[in-house]
Structure formats: C-alpha cells, structure tokens
Amino acid sequence: MTTLTTTPTDLYPSRGATEVRVPRKDPVVWGSPDTPGPIQAAELEGFERDGFLTVDQLITPAEVQVYRRELDRLVGDPAIRADERSIVEPQSGEIRSVFEVHRLSELFANLVHDERVVGRARQILGSDVYVHQSRINVKPGFGASGFYWHSDFETWHAEDGLPNMRTVSVSIALTENYDTNGGLMIMPGSHRTYLGCAGATPKDNYKKSLQMQDAGTPSDEALTEMASEHGIRLFTGAAGSATWFDCNCMHGSGDNITPFPRSNVFIVFNSVENTAVEPFAAPVRRPEFIGARDFTPVR
C-alpha cells in the first residue's frame with residue numbers, strides 16, 4: 001500500500017522576489033489559562049501582548065557558577081573547537097557559539113529537563129515539547145560581533161521546515177547583561193506580524209549565516225517601520241536571569257566592545273504538534289545540530 005504525504009500549506013511565504021508582511025495566523029500563547037506551570041496569569045498576558053517574558057532569577061548564583069565553569073570547559077576543549085557544531089568569530093577566530101550543547105554536556109542536558117525551564121515552555125506552547133535547537137553563545141569583550149535584526153521563525157520556517165509559530169526560546173544569562181555589552185534587543189509586539197524576507201536561500205547558507213547573517217535579513221525600510229511602530233526594548237540583568245521570547249519576535253544584539261563578556265545558554269523548545277517538515281524556502285535541510293529532527297518530548 002502506498003502512503004501519501006502532504007506538505008502543509010505555507011502560511012508564511014518568504015525568500016521570494018520581494019519582501020512581504022503577513023499578519024500572524026497562529027496563537028501566541030497556546031496553553032489555556034489553567035495550564036499548570038510556573039508562569040503566573042499576568043505574566044502570560046504580558047507574553048501574549050509583548051512577545052517576551054523576563055525572569056529576574058531563573059537559576060541561582062551557585063548554579064550560575066556551575067554552568068559558567070561548564071561553558072569555559074567546552075569553549076576551551078580542542079575537540080569541541082574542532083567539532084562542526086562550534087562556530088568561530090570570522091575576525092578573531094574565537095568561539096562564538098557551540099550548538100547542540102544539551103547533547104555535548106550532561107549539565108546542560110539537565111538544565112533542559114529542569115521544570116523551571118521546560119515547564120514554562122509547556123505552558124506557553126500548550127503541549128509536550130522537544131528541543132529544536134540549543135547552544136551556548138559567547139561574547140567575549142573587546143570586539144565580539146553581534147547578531148543582526150531577524151525573526152527566528154523566518155529562518156526556522158524557511159530553512160528548517162517548522163510549519164507554525166509554536167516555538168519559544170529562552171536565553172539564560174551566565175554573565176551580567178549590561179546595557180553596553182551587546183545585550184538582547186526586541187521590538188515589543190513585533191511577533192504579531194510576519195516579515196517574509198526577499199532573496200533566495202543559497203545552498204549551505206547556514207555556514208555563512210551563523211557568522212554573519214545575509215539571507216533572511218529584513219530591509220532597512222521594514223526595520224525602520226517596525227521600530228517606529230513598536231519601539232526597541234534592551235534587556236539587562238544579573239547572571240541567572242532569563243528572557244523568554246516568541247519565535248517571531250524581531251530581535252538582535254549589538255557588538256560587545258566593552259571589557260565585560262556576555263555569555264548565555266540559549267534553548268529553543270518546539271511543540272511536538274509542530275514538528276519539522278521539509279524546508280519551505282531552502283534547497284536542503286540545515287544540519288540536525290541546528291534544526292533537530294529528533295522530536296522526542298522532554299520529560
């Protein structure tokens with residue numbers, strides 16, 4: 001017997017001849033108000049409205065030290081540096097990110113399973129979840145480059161094949177986030193509009209985009225309009241603080257030219273009801289260490 005598979009309708013076109021703006025067609029908070037978890041009702045309302053949620057202390061100072069030592073161990077390991085999951089700064093040659101960190105480190109794997117972390121993801125997404133992507137981001141002082149403005153969903157939809165906006169990220173600070181050392185910036189409310197970027201996706205685009213984004217980059221005109229409409233929020237906080245944000249938030253970060261490093265662990269949870277299909281606007285899938293194809297729920 002032949003089994004026929006159908007490709008989901010592309011609700012969010014991108015990478016065409018022109019840039020397009022499409023109103024969001026998916027919920028922001030998928031869980032019901034009585035879904036159990038650590039997020040309070042007022043906080044969920046704020047997430048619905050703004051597209052993000054901040055937690056002043058997600059992990060304790062003692063835990064921060066444990067994870068900082070693990071980050072330093074990974075970054076200093078020659079085998080990790082030689083692994084394709086490590087991305088280096090094009091100028092300095094220093095490690096910028098290490099992907100699939102929950103598979104490289106038992107400590108970071110435990111963090112993924114921590115109810116303070118995965119419990120919030122289940123609440124927002126209204127289902128069991130799996131890890132679509134994890135990484136540590138390292139921004140040493142004196143010149144570490146930033147991440148240009150983008151919507152994660154635009155890339156995950158176009159290049160990884162996530163059908164719907166049912167994905168949430170958490171960035172957990174492992175160093176102090178000042179207003180000067182390249183912190184996360186988000187346009188509040190931008191998650192309600194999908195910006196489909198212009199230009200075809202090159203094959204193996206990820207090799208370039210993880211160092212310097214090109215395909216999937218909004219135009220200056222679109223960014224100016226969105227910033228004028230929504231404003232820009234810069235996130236600061238102590239080590240151990242965290243920012244949860246919707247997959248379609250327009251966000252980015254600047255260079256870090258201060259002496260003070262900025263490092264964080266970044267975990268992306270996707271609903272098990274929104275598993276990846278074939279890319280919607282790319283010739284091939286990205287590697288699984290960037291866009292997972294193991295949809296096993298986090299328990």
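What follows walks through the model topic by topic.

Keep in mind that this is a predicted model. The mean pLDDT of the protein chain is 93, and 95% of its residues come in at 70 or more.

**Confidence**

- One stretch to treat with care is residues 1-5, where pLDDT stays under 50.
- For residues 1-5 the model also has 0 contacts beyond four places in sequence.

**The nonpolar cores**

- As general background, nonpolar side chains in soluble globular proteins tend to be buried together.
- Here, the largest nonpolar core has 39 residues, and the members touching the most others are Phe108, Leu111, Val117, Ile172, Trp244 and Phe269.
- Helix 6 (residues 115-125) is the top contributor to this core, giving 5 residues.

**Helix 7: buried or exposed?**

- Helix 7 (residues 152-160) has 9 of its 9 residues buried, so it is largely enclosed by the rest of the structure.
- That list of buried residues runs through Asp152, Phe153, Glu154, Thr155, Trp156, His157, Ala158, Glu159 and Asp160.

- In helix 9 (residues 220-230), the buried residues are Ala222, Leu223, Met226 and His230.
- What covers the buried residues? The cover includes strand 1 (20-23), strand 6 (147-151), strand 9 (193-196) and strand 12 (250-253).
- Helix 9 is followed by Gly231, which has a positive phi near 75 degrees.

- Follow the order 6-12-8-10 and you have an open sheet of 4 strands with antiparallel pairing.
- Strand 6 and strand 10 (233-234) are the edge strands, each pairing on one side only.
- Strand 6 and strand 12 turn up elsewhere too, as part of what covers the buried residues of helix 9.
- Strand 8 (residues 184-186) and strand 10 run antiparallel and are joined by 2 bridges.
- Met185 has Leu234 in strand 10 as its bridge partner.

**Strand 4 and its partners**

- Strand 4 (residues 95-99) is mostly covered, with 5 of its 5 residues buried.
- On one pairing, strand 4 meets strand 3 (residues 86-88) in the antiparallel sense over 3 bridges.
- Within strand 4, Val98 stands opposite Ser86.
- Strand 3 and strand 4 make a hairpin with 6 residues between them, and Gly93 in the turn has a positive phi of about 80 degrees.
- Strand 4 is also joined to strand 5 (residues 129-139), by 3 bridges, and these two run antiparallel.
- Ser97 has Asn137 in strand 5 as its bridge partner.

**Positive phi without glycine**

- Which residues other than glycine have a positive phi? One of them is Arg15, with phi near 60 degrees.
- Arg15 lies in the segment before strand 1, and its 7% relative accessibility makes it buried.
- Glu100 is another non-glycine case, with phi near 55 degrees.
- You'll find Glu100 in the loop between strand 4 and helix 4 (101-104), and Glu100 is buried as well, at a relative accessible area of 15%.

**Cysteines: how many disulfides?**

- A disulfide is a covalent bond between the sulfur atoms of two cysteines.
- The cut-off used here is a pair of cysteine sulfur atoms within 2.5 Å, and the count comes to 0 disulfides.
- Cys197 counts as buried at 2% relative accessibility, and Cys249 is buried with a relative accessible area of 0%.

Key. Residues numbered from 1 in each chain as written. Heavy atoms only, no water. Buried < 20%, exposed > 50% of the residue type's maximum accessible area, 1.4 Å probe, protein only. Contact = heavy atoms within 4.5 Å. pLDDT = per-residue confidence, 0-100. Core = buried A, V, L, I, M, F, W, Y, C linked by side-chain atoms within 4.5 Å. Pairing = 2+ DSSP bridges.
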